[in-house]
Amino acid sequence: MRATKPPSRDSALYNTSDAKAGEKLFDQVGCSICHIATLPTASPAKLYGDKSKGQPALIPGITQAQANAIGYKNIHAYSDFLLHDVGTGDGIVQNGGQITAKKMRTSPLWGLRTHNRYMHDFQTLTLTDAVTRHGGEATQVIDAFSHLNSADQKRLIAFLRCL
């Protein structure tokens, strides 16, 4: 697992005018509210903890060398890794009580281009359907996507296909 790298973006697809325009549309309609392009990792000090001050490590058992290696890095997962109600919850209570049964953790979109089924239950077969299947907290985003003309919707999907 330590040697596993996140899937890279398809640079040939990304360098098309449609994908570049689609990335802007991704932000404009609000997809990036939850599917955040870049997240920084915590500082090595937070990851390792300050034993002299009794501050625990964010990652129990991590060594200082490991903390130094993964601290202050930017990851491009296209996720906030938080729980959101997007109308497709599976009823499984997450850490946080019964209110979380309708919530799903934001799936990272990196490597999306390698998938042929989408959403947490793999029941969605197209990216357009995956986008429009969102509801709940994402209703305004889906409304914004639905109001795009078909060419712009295709551009946004072209962007997703390069991830």
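Of the 163 residues in the protein chain, 33% are buried (under 20% relative accessible area, with exposed meaning over 50% and partly exposed lying in between, for a 1.4 Å probe and protein chains only). The model is predicted, with local features requiring pLDDT of at least 70 and side-chain atom pairs counted only at pLDDT 80 or more, whereas totals for chains, interfaces and linings use all residues. Residues are numbered from 1 along each chain as its sequence is written, and side-chain values use heavy atoms, with hydrogens and water left out.

The secondary structure comprises seven helices and four strands, taken as DSSP runs numbered from the N terminus (helices being H or I of at least four residues, strands E of at least two). From the N terminus on, these elements follow the order α-α-β-α-α-β-β-β-α-α-α. The C-alpha trace spans about 60 × 40 × 25 Å along its principal axes. Among contacts (heavy atoms within 4.5 Å) between residues at least 6 apart in sequence, 61% join residues at least 24 apart. The accessible surface of the chain, from the Shrake-Rupley method with a 1.4 Å probe, comes to about 10200 Å², of which 56% belongs to carbon and sulfur atoms. The mean positions of the 18 positive and 13 negative charges are 8 Å apart, where Lys and Arg count as positive and Asp and Glu as negative, His and the chain ends not being counted, and where each charge is placed at NZ of Lys, CZ of Arg, CG of Asp or CD of Glu.

Within H2, the buried residues are Ala19, Gly22, Glu23, Leu25, Phe26 and Val29. These residues cover an arc of only 165° around the axis, and therefore lie on the same side of H2, the arc being that of the directions from the helix axis to the C-beta atoms. The face turned away from this buried side carries the exposed residues Ser17, Lys24 and Gln28. The buried residues of H2 pack against helices H1 (11-14), H6 (139-146) and H7 (150-162). H2 is followed by Gly30, whose phi is positive, near 110°.

Asp152, Gln153, Leu156, Ile157, Phe159, Leu160 and Cys162 are the buried residues of H7, and they pack against H1, H2, H5 (127-133) and H6.
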